[in-house]
Amino acid sequence: MPIEDVLLDLKHKIEKNLPAGVTITDVEFEGPQLVLYTEEPRKFADDGNIIRNLAKELRTRIAMRPDPRVLATPEDSISIIEEVVPKESVISSYYFDPDSGEVIIEAEKPGLVIGKHGATLREITKQIGWIPKVVRTPPIKSRTVKNVREFMRTNLKERKEILKSVGRKIHKECTSKDQWVRVTSLGGCKEVGRSCFLLSTPESRILIDCGVNVGSDENMTPYLYVPEVFPLNQIDAVIVTHAHLDHQGLVPLLFKYGYEGPVYCTPPTRDLMVLLQLDYIDVAAKEGKKIPYESGMVAKTLKHTIPLDYEEVTDIAPDIKLTFHNAGHILGSAISHFHIGDGLHNVVFTGDYKYEKTRLFDPAVNKFPRVETVISEATYGNSNAFQPSLKDAERHLQMVVKNTVERGGICIIPAFAVGRSQEVMIVLEESIRKGLIPEVPVYLDGMIWEATAIHATHPEYLNNDLRKLIFQKGQNPFLSECFKPVDSHDMRQKIIQSPHPCVILATSGMMNGGPVMEYFKAFADDPRNSLVFVGYQADGTIGRRIQKGWKEIPMAGKGGSTEILKLNMEVQVVDGFSGHSDRRQLMDYIKRMQPRPERVFTEHGDEKACVDLASSVYKKLKIETRALTNLETVRLL
Ligand SMILES: [Zn+2]
Ligand SMILES: [Zn+2]
C-alpha cells in the first residue's frame with residue numbers, strides 16, 4: 001500500500017475513534033510519531049485521554065498540531081501562561097514556533113510547568129491553543145546546551161522535512177515474505193574502540209554505534225566499506241548507545257559519505273555527543289592529525305538526531321521497535337532493546353554498562369518483556385578481572401586527599417571529562433560536607449565543568465538518591481561552593497604560581513595532553529603533593545608510565561627537544577571507580593537477566609576477555625555463547 005493510502009487509512013481509523021464533536025483536518029508522520037492536525041486543540045486538551053487512547057489503539061506515538069489560525073498571539077499567550085503556571089517554576093524564556101504550534105518553555109523547575117500527569121500543560125493548551133514543550137534551564141550555564149537548543153530552533157523547517165521523510169520510511173508496509181535476522185560485526189570485537197554493528201532483516205538495516213579508535217592509526221575506523229552497509233544510504237537508522245568516542249566518534253563521517261537517515265539516542269547523549277565530537281576534531285587538528293570530518297557534519301548529525309527517553313517504545317523501521325533502558329555507565333548511556341517483527345525476535349545490545357549502583361546512576365536494567373539474543377560488552381571479562389568495591393575506592397580516595405592536604409600538598413587527579421569526573425566530584429563534595437576531608441577548593445579544569453553542566457541539565461538521568469536530593473531537598477551537589485571551574489589561562493597560572501592545599505581535577509584522563517600536564521609539570525617535584533589515578537591508563541601513555549613507577553618522565557619541550565621531568569610527588573592508583581561492570585557484575589547481569597536469553601555474544605574487550613567471558617557464560621549458565629570477530633555475520637533467526 002502506498003504511504004499516502006496508509007495515512008488516509010489511519011485518518012479514517014482516528015476519526016472513527018474520536019469522541020463526538022472532535023475533529024481533525026489531516027494526519028502526517030513526523031519521525032517515529034504520528035501527528036494530528038486540528039482546528040480544535042482546546043477540545044483535545046479538555047480530555048487527556050483522547051490522545052492516550054488513540055496511541056493505545058494504533059500502537060504508535062501520537063502528537064497534536066494545532067492550526068496556526070486558532071492560536072492566541074505570543075504576547076497574550078505569555079501573560080496567560082504566567083497566570084496558569086506557579087511562579088516557583090521560574091520561567092526563563094519562551095520560543096513560539098507557529099509552524100508546529102509549539103511553544104518551548106524553558107524553566108528552572110519543569111515539573112511545575114508540567115503539573116500532575118500533564119494537567120498544567122493541558123490547561124495551557126486549553127487557554128491559548130499552543131502545545132507547550134518544557135525544557136530545563138541549565139542550573140549551570142552550558143555552552144553546549146545553549147548552542148544545541150538554538151540550533152534546533154533555527155533549523156525547525158528543515159528538521160520538519162527530515163522528520164517527515166524519516167516517518168514515511170518507518171511506516172511503510174513490510175513487503176518481504178522471508179523472515180530472518182542477522183547481526184554483522186563491523187568493529188569493536190575482540191578489541192576496544194570503533195564499536196559498530198549492523199542489525200539486518202529483509203526489511204531494514206540498523207547500525208548500532210559508529211565509534212573511533214583514537215588510540216590507533218591503522219585500525220581507527222569500523223569496516224564501513226563492506227557491501228552490507230556501503231553505500232551508506234542503505235542504512236535505515238543509526239543508534240548511539242552512549243556518548244563516548246569509541247561508540248559515536250564517527251557518526252558524522254556517515255553523513256559525510258552519504259547517510260541521510262535518523263540518529264537515535266537519549267537527550268543527554270545528544271548533548272554530550274556534540275561536545276565530544278567538536279572536541280575530538282579540535283584536538284586532532286591541534287595535534288596536526290587528519291580530521292575525519294568538519295564541524296558542519298556535526299551540525300548535520302544533530303539535525304538528524306531524534307532523542308528518545310528511557311523506556312519509550314518507538315518504531316524505528318517497518319518491522320523494528322527500539323526501547324532504551326538505563327545502562328549505568330555514563331550520563332544517558334542506554335541498553336538498546338530491539339523488538340523485531342510481531343514477536344519474531346528480540347535483541348539486546350548492552351553497549352557499555354555498569355551492573356552496580358554508583359554515586360551517579362542506578363544499576364543497568366536487565367529485565368525485558370522478551371529477549372532471545374544478547375550482545376554484551378566484556379571490558380572486564382577476564383576471569384580474574386575483579387574490581388574493588390566502590391566503598392573501598394571512595395575510602396582510598398578520601399585517605400589520599402586527606403593526607404595530601406594535611407601535609408600542605410596539592411592533589412592532582414587526571415580524569416576524563418565525562419563520567420568518572422562527576423563521580424569523583426560527588427564523593428569529594430560529600431566528604432567535605434561531612435568533614436571527612438578538610439575544606440579545600442576543588443578546581444575543575446578542561447572540559448570537566450562543561451560536561452558537569454550537561455549532567456546538571458539532565459537530573460532525570462541520575463540515580464534515585466541524587467534525584468531525591470535535587471528535586472525534593474533542592475540540593476544539587478554539582479552546585480556546591482567547593483567546586484571552582486578554571487575558566488581562563490590566567491586563573492590556571494594563578495593556581496600554579498601560588499600553590500596552596502587543594503584538589504585539581506583536570507583532563508586528559510591518561511595524561512596524553514590537556515591542562516593536567518601544566519599542573520603536573522608545576523607540582524611533580526614536591527613530595528608533599530600527590531597524583532591520583534582513578535581511571536584506566538592505556539599502554540604508551542604518560543599515565544601508564546607513571547603507574548609503572550617511572551621517576552624520570554621524558555616530556556616534549558620547546559622546539560621539539562625532550563626534557564626530563566623528575567617526579568617526587570606521591571603516586572596512588574585508586575581502582576574501583578570504573579563505569580564498566582567487573583567480571584562478577586558481568587556474570588551476574590546475564591545470570592539474573594529476565595527472561596533468560598537463548599544466546600550471548602561478547603564484544604568490547606581484548607580477545608582474552610571476550611573469549612573468557614563467553615566460555616564462562618556457556619559453562620556456568622548453560623547459555624549458547626560466542627566471542628564475536630570483526631567482519632563476521634551471524635544469523636539469529
Ligand atoms: Zn563507554
Ligand atoms: Zn566503550
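# A tour from helix 14 to the zinc pair

Select Gly435 to begin: this residue comes just after helix 14 and takes a positive phi of about 75°. Helices (H or I, at least four residues) and strands (E, at least two) are DSSP runs, numbered from the N terminus.

Before moving on, some ground rules. The model is predicted, with local features needing pLDDT of at least 70 and side-chain atom pairs counting only at pLDDT 80 or more, while totals for chains, interfaces and linings use all residues. Residues are numbered from 1 along each chain as its sequence is written, chains are lettered from A and ligands numbered from 1 in written order, and side-chain values use heavy atoms, without hydrogens or water.

**Stop 1: helix 14**

Step back to residues 420-433. This is helix 14, with 14 residues. From first C-alpha to last it reaches 20 Å, close to the 20 Å expected at 1.5 Å a residue. The expected span is 1.5 Å times one less than the number of residues. How many residues of helix 14 are buried? The count is 13 of its 14, so the helix is mostly covered. Buried means under 20% relative accessible area, exposed over 50%, and partly exposed in between (1.4 Å probe, protein chains only).

**Stop 2: the zinc ions**

Select ligand 1, a zinc ion. Its protein donors are His242 (NE2), His244 (ND1), His329 (NE2) and Asp352 (OD), lying 2.2 to 2.4 Å away. Donors are N, O and S atoms within 2.8 Å of the metal (3.2 Å for Na, K and Ca); water is not among the atoms, so sites may look incomplete. Along the chain, the donors of ligand 1 are spaced H-x1-H-x84-H-x22-D. Angles among the 4 donor atoms run from 90 to 166°, and the site is irregular. Four donors count as tetrahedral if all angles lie between 85 and 135 degrees; four count as square planar and six as octahedral if opposite donors are over 155 degrees apart and all others between 65 and 115; anything else is irregular. The site ties distant parts of the chain together: His244 sits in the loop between strand 10 (237-239) and helix 9, and Asp352 in the loop between strand 16 (345-349) and strand 17 (373-377), 108 residues apart.

Now select ligand 2, also a zinc ion. Asp246 (OD), His247 (NE2), Asp352 (OD) and His604 (NE2) coordinate this ion at 2.1 to 2.2 Å. The 4 donor atoms subtend angles of 89 to 165°, which makes this arrangement irregular. His247 is in helix 9 (residues 245-248), and His604 is in the loop between strand 26 (599-603) and helix 21 (607-621), 357 residues apart. Both of these histidines, His247 and His604, are buried.

Which residue bridges the two zinc ions? Click Asp352, the bridge between ligands 2 and 1, which lie 3.4 Å apart. Asp352 is buried, with a relative accessible area of 2%.

**Stop 3: helix 21**

Colour its buried residues, including Ala609, Cys610, Leu613 and Val617. The cover over the buried residues includes strand 17, helix 20, strand 26 and strand 27 (624-627). Contact means heavy atoms within 4.5 Å. After helix 21 comes Lys622, with a positive phi near 55°.

**Stop 4**

Two strands pair if DSSP finds at least two bridges between them. Strand 1 and strand 2 (residues 33-38) run antiparallel, joined by 5 bridges. Phe29 faces Leu34 in strand 2.

**Stop 4: backbone exceptions**

Most residues other than glycine have a negative phi, and most peptide bonds are trans. Select His117: its phi is positive, about 50°. His117 lies between helix 5 (110-114) and helix 6 (119-128), and counts as exposed at 68% relative accessibility. Glu311 has a positive phi near 70°. For cis peptide bonds, select Phe230 to Pro231, with omega near 0°, then Gln594 to Pro595, with omega near -10°. Pro595 is in the loop between helix 20 (583-591) and strand 26.
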